[in-house]
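Student: I have a model open on my screen and would like to go through it with you, one region at a time. Could we start with a single residue?

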Amino acid sequence: MSSRANWHTLMFCVIGLWVVIGVGLICAHGLGAPVAWWDLIHPFTIGALTTAIIVYSTHFTEALTRAATASYRAVAVRIGLVQVGLILLLFDRAGYDWGVISDVGATVVMAALALHIVAIYQALRGSLANHFASTVPFYIAASGFMMLAIVFAILAGHGVGTYSALIAAHQRTAVWGFAWLTVTATVITILPTVTGTKISAVAKTRATRSLVIHCVALGVSAGAFASGHPLIAAVAQLGVVAAAVMIFIPVVDNVLGGSPAWTSPSASITAGMFWLTALCAADAAVVAAGTHPRASTVVLLPAFLGAGLLQMVVGVLTFVTPTLRGGGPLVVKRGRRIAGYGWPARVTLINVGALLSVAGAVEPGVMMMAVGLVTGVLATVLSAFLPARRPTDVRVISPTSTLTPTPRTKR
């Protein structure tokens, strides 16, 4: 239990650190510092998001396949490779050029993803045919799309093909492949868990069909973007939206019909899910209408990162971090109660900020989302660490005890 607690505490700190670094770079850019676009985005996408996906998709895979918990050392190697690769990429790309260091950094991240695919596949192959394991292939496909996204970036960096077209393909395979496939698989089980409702049987039965549609549609879309055919790419991307809706509708319908408990995690995950669906559809629509694919990314990416992915990541961490750190059910309950203080304000800031950013008020919108996300990280820190240090603050009431004061005895 101690090793598990220490591991998940460390991983939370790494993810939280990249979120804070990313917010700091955004603030510096807003104040006039010469921060490259690359440096504004990738602390969130590679640092926070990729780290979180590798850590928690490993954890969820082991739970869903009933596999024995793997050595944290193997996962730590993959996480370490991601951190090294990102640092090399940030160092080299700070000069706005793609060089040998960028090649090395990108290759290191790809190696981490390849090792992750192998680990997930081995867990799936050795599973006990659990019916929840149907969502695990989503994690394998997601990592495959991320590797494809990195290949597009390397080709663009070396001038192979049209730079803008390849970067558009890079963005979509990373966003709608790696990130969204992971979200789709995880939402099937995590949203009912945090709301205290039943898992949708319809969503589970649709999982494999949805994955096939998603992969085919996104594969066609990525190829069309890379070859300079944005209209074909946009139409194909609508298939990605349809694949996700196949899963999300029964999940949400089942949750709403089961008297859900609305908390910071459940509200954040649900809002993030709707944002991702809406933004994927909006991206396809505006590109089909003639907007340049990279211009569409510039407009939609702040909301995608802040209200979509990072809102969901912080919401999930608020729920799972106290549990994975251990300390008993009373300590976990107290931790989640601490994390819940002020959550409506945090969720409101993030989602109103996203609306502002899409409407054109980018700077105030981004700052509102940043405040909501950073305070969410701080709330999760308090929820995870205060109960662990002060478990005696929670009174244990036995079934035979009472809250009525014990009467004094006469002397």
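Student: Where does Thr-135 sit?

Tutor: Thr-135 is in the loop between H4 and helix H5 (136–157), where helices are DSSP runs of H or I with at least four residues, strands are runs of E with at least two, and both are numbered from the N terminus. Please keep in mind that this is a predicted model, in which local features need pLDDT of at least 70 and side-chain atom pairs count only at pLDDT 80 or more, while totals for chains, interfaces and linings use all residues. Residues are numbered from 1 along each chain as its sequence is written, and side-chain values use heavy atoms, with hydrogens and water left out.

Student: Let me zoom out. How many helices and strands does the chain have?

Tutor: The chain has 13 helices and zero strands. Of its 411 residues, 54% are buried, and among contacts with a separation of 6 or more, 78% are between residues 24 or more positions apart.

Student: At what angle do H2 and H4 pack?

Tutor: Helix H2 (residues 37–65) and helix H4 (residues 100–125) pack at about 10°, and their axes lie 9 Å apart; the axes are lines fitted to C-alpha atoms over the stretch in contact, and angles between N-to-C directions run from 0 to 180 degrees. H2 and H4 are therefore roughly parallel to each other, given that angles under 35 degrees count as roughly parallel, over 145 as roughly antiparallel, 65 to 115 as roughly perpendicular and the rest as oblique.

Student: Which residues in H2 and H4 meet?

Tutor: From H2 come Ile-53, Ile-54, Ser-57, Thr-58, Thr-61 and Thr-65, and from H4 come His-116, Ile-120, Ala-123 and Leu-124. By class, the contact of H2 with H4 has five nonpolar, five polar and no charged residues, where Ala, Val, Leu, Ile, Met, Phe, Trp, Tyr, Cys and Pro count as nonpolar, Asp, Glu, Lys and Arg as charged, and the others, Gly among them, as polar.

Student: How many cavities of 30 Å³ or more does the structure hold?

Tutor: There are five cavities of 30 Å³ or more. A cavity is a set of points on a 1 Å grid over the protein atoms alone where a 1.4 Å probe fits but cannot get out, and lining residues have an atom within 4 Å of a point. Grid points are joined across faces, edges and corners, and a volume is the space filled by probe spheres set on the points.

Student: What lines the largest cavity?

Tutor: The largest cavity, with a volume of about 270 Å³, is lined by 18 residues, and Ile-53, Thr-182, Thr-186, Val-313 and Val-316 lie nearest its centre. H2, helix H6 (163–195) and helix H10 (293–325) are the elements that give two or more residues to this lining, which by class has 15 nonpolar, three polar and no charged residues.

Student: And which element gives the most to the lining of the second largest cavity?

Tutor: H10 gives the most to that lining, with five residues. The second largest cavity holds about 110 Å³ of space, and its lining divides into six nonpolar, three polar and two charged residues, with Arg-172 and Asp-283 among the lining residues.

Key. Contact = heavy atoms within 4.5 Å. 1 Å grid on protein atoms, 1.4 Å probe; cavity = no way out; pocket = protein on both sides within 12 Å on 5 of 7 lines; lining within 4 Å. Buried < 20%, exposed > 50% of the residue type's maximum accessible area, 1.4 Å probe, protein only.
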